[in-house]
Amino acid sequence: MGKLQVIDHPLIQHKLTIIRDKNTGTKYFREVVNEIARLLAYEVSREMPVEDVEIETPLVKSVQKQLAGKKVVIVPILRAGLGMVDGMLDLIPAAKVGHVGMYRDQETMEPVEYFVKLPSGLEERQMLVVDPMLATGGSAVAAIDALKKRGANNIKFVCLVAAPEGVKVLEEAHPDVDIYTAALDERLNEKGYILPGLGDAGDRLYGTM
């Protein structure tokens, strides 16, 4: 069973307040989103397996630890998820990056997959699906569907802000996926925006308000 982890580190909470503020401009918003993503990556990687390796320090031979196991792939959900990639790569520079594009069908209101580009051998990799917002949960579920359809079986979802409604939808659709968020907010409004939230993350990242 996947778990929900709210990462309430003081630095993360402080930076989250900055990007919630409507007066924070595009450049600063983008910088702080990457800073939060870097801090989240630190927490998400806490359970990564390590193995012994023999090295030589300037003084002696020594057995020390290095990362082992599955190679990491960061998969942003386009377009807002792109705003979290650089921060995560700062911490996990060897990670590969895949991309999943979704748009919402205006009649059915369901997410539709329009672009998927992923590295090979997904069954051997740790997938980190990233999107700033987990609102209704539709895009997250569809993105994870797309990964599983292509062989991925070890997936974590990482976001900045989540709504209880989106968490419930994602947990029911993919109970094996751990969810990491910097904040679990109050609820969705009638238009599907998270309250108090931070507005439209994509628009605020790219100045397209």
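**Questions on a predicted model**

Biologist: Leaving out residues up to four places away in sequence, which residues does Ile194 touch?

Modeller: Contact here means heavy atoms within 4.5 Å. With residues up to four places away not counted, Ile194 touches Met133, Leu134, Ala135, Val161, Ala162, Ala163, Asp185, Arg187 and Leu188.

Biologist: Before we go on, what kind of model is this?

Modeller: Residues are numbered from 1 along each chain as its sequence is written, and side-chain values use heavy atoms, with hydrogens and water left out. Local features need pLDDT of at least 70, side-chain atom pairs count only at pLDDT 80 or more, and totals for chains, interfaces and linings use all residues, since this is a model that is predicted.

Biologist: Is Ile194 buried or exposed?

Modeller: Ile194 sits in strand 13 (residues 194–195); helices (H or I, at least four residues) and strands (E, at least two) are DSSP runs, numbered from the N terminus. Buried means under 20% relative accessible area, exposed over 50%, and partly exposed in between (1.4 Å probe, protein chains only). With a relative accessible area of 5%, Ile194 is therefore buried.

Biologist: And how does Gly199 come out: buried, partly exposed or exposed?

Modeller: Gly199 belongs to the loop between strand 13 and helix 6 (201–206). Beyond four places in sequence, Gly199 is in contact with Met133 and Tyr193. At a relative accessible area of 36%, Gly199 is partly exposed.

Biologist: UniProt has a "binding site" feature here; which of its residues Ile194, Gly199, Asp200 and Ala201 are in the lining of the largest pocket?

Modeller: The feature comes from an unreviewed UniProt entry; such positions are given in the numbering used here, with shortened feature names, and annotations may be inferred rather than shown by experiment. A pocket is an open set of points on a 1 Å grid over the protein atoms alone, with protein on both sides within 12 Å along at least five of seven lines, and lining residues have an atom within 4 Å of a point. From this set, the lining of the largest pocket takes in Ile194, Gly199, Asp200 and Ala201.

Biologist: Where is Asp131, and is it buried or exposed?

Modeller: Asp131 is also on a UniProt "binding site" list from an unreviewed entry. It is found in the loop between strand 8 (125–130) and strand 9 (133–134). Its relative accessibility is 12%, so Asp131 counts as buried.

Biologist: Why is helix 4 said to be largely enclosed by the rest of the structure?

Modeller: Among the buried residues of helix 4 are Gly138, Ser139 and Ile144. Ser139 touches Ile77, Met102, Arg104 and Pro111, residues up to four places away in sequence not counted. Helix 4 is largely enclosed because its buried residues number nine of the twelve.

Biologist: How far apart are the end C-alpha atoms of helix 4?

Modeller: The expected span of a helix is 1.5 Å times one less than its number of residues. For the twelve residues of helix 4 (residues 138–149) this gives 16 Å, which agrees with the distance between its end C-alpha atoms, 16 Å.

Methods: 1 Å grid on protein atoms, 1.4 Å probe; cavity = no way out; pocket = protein on both sides within 12 Å on 5 of 7 lines; lining within 4 Å.
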